[in-house]
Amino acid sequence: MKKNVYHIFLGIFCGIIIFSSYATIVAGFKPENFGLGKNTHVKTAYQNGYLVNAGPNKNHIIAIQKYFTFLRQNNFKIALWLGASQLHAINHLKDGDMLAVEYANLSAKNRASKLEYLQISQGNANLNEILCMYLCFAQKKLIPDWVIVAVVYDDLREEGINNDLLHCIEKISPDMLYYGGYGIQTVADEWEQLSKTSMVETPHEKIETYLDSWLQSHFPGYRHRGLVRSKIHTLFRGSLLHSMKKIMKVRRVPEIRGHLKQYNTEALWSLVTLAKSNGSNVLIYKPPHPQYPGPFIHNRQAYDAYFEKLKSKINNMEDVYYLDLEKIVPTQFWGLMNDGFPDCYHFQDTGHKILGKQIDAFMSEFAKE
Amino acid sequence: MLFNSWGYIFFLFIGFSLHWLLPHQFRIILLSAFSFIFYAMWRWDFCLLMIFSACVDFIAARQINAGDQIKIKKFWLWLSISINVGLLIFFKYSYFLYDNIQMIGSLANFKLPDLGFYIILPLGISFYTFQTISYTIDVYRAEIKPTNNFLAFLTYVTFWPQLVAGPILRANQVIPQLLKRRKFDTSDLGIGIERVLIGLFKKVVLADNIAFWVDKSFALDPVPFTAFDVWVSAILFGFQIYFDFSGYSDIAIGSARILGIKFPENFNWPYFSTSPADFWRRWHISLSSWLRDYIYIPTITFLGSKNPSYGAIDQKNRLRNISLMWVFFICGLWHGAGWTFIVWGLMHGLLIFLYRRIKSLQLINKEKPLISWCVTFCFVMLAWIPFRSSSLAQTYILFSKILNPLQYTISNREVNGYCYIITLAVFSGMAISYYLNSIDNQTIVFQKLFPYTKILKVACMVFAVLVYLRPIRQFIYFQF
């Protein structure tokens, strides 16, 4: 029996060593690049030493909020640009490449405008998550002059809200619930659900936070736990996806069910309502899409019908604008997916340049500066 | 405090160290104090409720024992049961009762006034209430002598490893062990640590990761589901709840063992049962035996005593069946204040009833356990549908898919493909573990080839637990 105990302690020791070693190995792993496609990478942008683009990360969002406050104190107009991975990923990333948000800021600077663009984006962000991104600012009374929303058709099939984003927002106020409509109710429900399953505001939470930070500074590799988790999931999902696509050989047209379209579009209208009630203008755009010959990645009719409906509704609204940017980025500036199929969501630096300039061109015309 | 946290590992380490450093007479004080600290990590004010509940039963049990008339004994017994059940009803079922009265009232255009207050469900109330009730009943039945040591009794009620989600222990299983002079034993330490590790692995690696897919599936609109989607969602939830709850029980058993206290097993490979009755002998054993001893058998006895023709076989079977449905109604209601839980309970009651009928007709071939297992597995998994559904309407839609042969189509799959793969992978893993566990360890060839299997197993579990340990999700049974 004593031998049994030694085996267990030896096993624990080995497990810790394996974990520490593996965590150190994967320290440089970038999970955000997974799923972006061949040669497509995430880029982080800074302006005046401040972060201007962030993912669903509490610390990053806090950093952007600080910059927001700084800009306000210096009488800048602010456009909050929300969207999915197209905004933060660059195909064939090279030194000196910039994101659309950086090009938009450059363009605004060149025309001596006191308008600054700040961007929050998340891979496959659905419109409920985009609503949460807006709430991160609105709940802190950081009200932008403009809210720019990229409506990615493919992401309308995504549901649920990333917990990291939910952690960035507070409980939805009764006022917001009253004015915000169905979309805000979904966010409120998800937030309630999350707060029920965690240890919010208990002594245990404080102890856990303390122990976690202690382990981060004293246990080699512990701070990379998140990366280890992502690496394992990437290996698991990556190998599965690869083998499934090999078996199927053909690309399936992603089906976007009606109820999910509605679920996400309601969130968009909630965002519009709240932004307008806070005195912001809203720009909703149809994002760039490559014009490859051959079949369109989605059901073309449904795709067009969705945006037509969106456009006609927006045209009847005050202070809300619609922009069709589908064809602005030429095909040669788009990338490829890992399976060799064309990447319909991410483009190269030039694509970002075109998009950034186009958005700022619109703002120069419509923004009351 | 959640077991699946660094806080708990630290807490257990301190508790373990102090427990074995202190002399015997102080250990019970330490265990009691640590149990209250454990509970106060959630809310300290509800500790008072536990103390009140313990006081009621301690006094009642002593009065029952001291009483020389059956009338007095009965009075104290019913006082104790009424207070305990009353507290449980108030904290757990007020909203459920209110909503149902409201619903019935609305049919007659009658509207109840608002409750006017907000009730918080005290963590573990269903577990410690059943535990204290069993103590008073056991004393009333003269199966045990009441303890004179209030601290020992309080520690039995509040002992942290089993406080919030069981196992539901009997006083004679714990109090003598608490009072006994325990000696430190390295084998207990080894077994305890291994059990805690297994429990953490089940919870943070398996249950929490499966939960992500289960939540996604059950959040979808069920209307476009195929029958296969429903099956996969139900089976996946079955795995989630098993790993979640048996993981909790493993940590509870392991934590107690480290302190030199042995808890009975709460699970025994329930998904390899060969009949519905067998399932309940293997799933949440402490609850099923509690229900048998304190509800099922007393109900049969009570109904029998009210019925002069009790002796007739048919009548006896009828009483058994009534008791069966009653006990499973209670079982469902105990799990949650909602009709979906009651449906789940009654489904199990019905399954056992049907099983008994089929068995009595000698339609079951005991030499073909694979068929019996397959049928039991399918029914048990299907029964999880109401348990996990958010409403009876969702349950109805999901069941209508299962019962419609036209819904058995492989195209138009709605549930994510990963769910299918994970279900297959988890089931294969469980089947292999069950097989390895069911044969004698010494005869396993690979164990002879690799004498250090245990080191490898523990190392893998430690690695996985280090990667996934986060108190992101409480145990499912905490809400009960």
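## A buried strand in chain A

A residue counts as buried when its relative accessible area is under 20%. In this predicted model, five of the five residues of strand S8 (residues 146-150) of chain A are buried, so the strand is largely enclosed by the rest of the structure. Trp146(A), Ile148(A) and Ala150(A) point one way from S8(A), while Val147(A) and Val149(A) point the other way.

S8(A) has pairing partners in two other strands of chain A. With strand S5 (residues 77-83) of chain A it pairs in the parallel sense over four bridges, and here Ile148(A) is the bridge partner of Trp81(A). With strand S9 (residues 281-286) of chain A, S8(A) pairs in the parallel sense over five bridges, and Tyr285(A) is the bridge partner of Ala150(A).

Helix H10 (residues 227-258) of chain B has 32 residues and reaches 46 Å from its first C-alpha to its last, which is close to the 46 Å expected at 1.5 Å a residue. Because 31 of the 32 residues of H10(B) are buried, this helix is largely enclosed by the rest of the structure. Just after H10(B), Gly260(B) takes a positive phi of about 85°.

## Two packed helices in chain B

Helix H14 (residues 339-360) of chain B packs against helix H15 (residues 369-388) of chain B at an angle of about 160°, with the axes 7 Å apart. An angle over 145 degrees counts as roughly antiparallel, and therefore H14(B) is roughly antiparallel to H15(B). The crossing of H14(B) past H15(B) is right-handed. Among the residues that make the contact are Phe341(B), Trp344(B) and Met347(B) of H14(B), together with Phe379(B), Ala383(B) and Phe387(B) of H15(B).

Note on methods:
Residues numbered from 1 in each chain as written. Chains lettered and ligands numbered in written order. Predicted model: local features only at pLDDT ≥ 70, side-chain atom pairs only at ≥ 80, totals over all residues. Heavy atoms only, no water. Buried < 20%, exposed > 50% of the residue type's maximum accessible area, 1.4 Å probe, protein only. Pairing = 2+ DSSP bridges. Expected span 1.5 Å × (residues − 1). Axes fitted to C-alpha atoms, helices over the stretch in contact; angles between N-to-C directions. Parallel < 35°, antiparallel > 145°, perpendicular 65-115°, else oblique. Left-handed = near helix turned anticlockwise from the far one by under 90°. Contact = heavy atoms within 4.5 Å.
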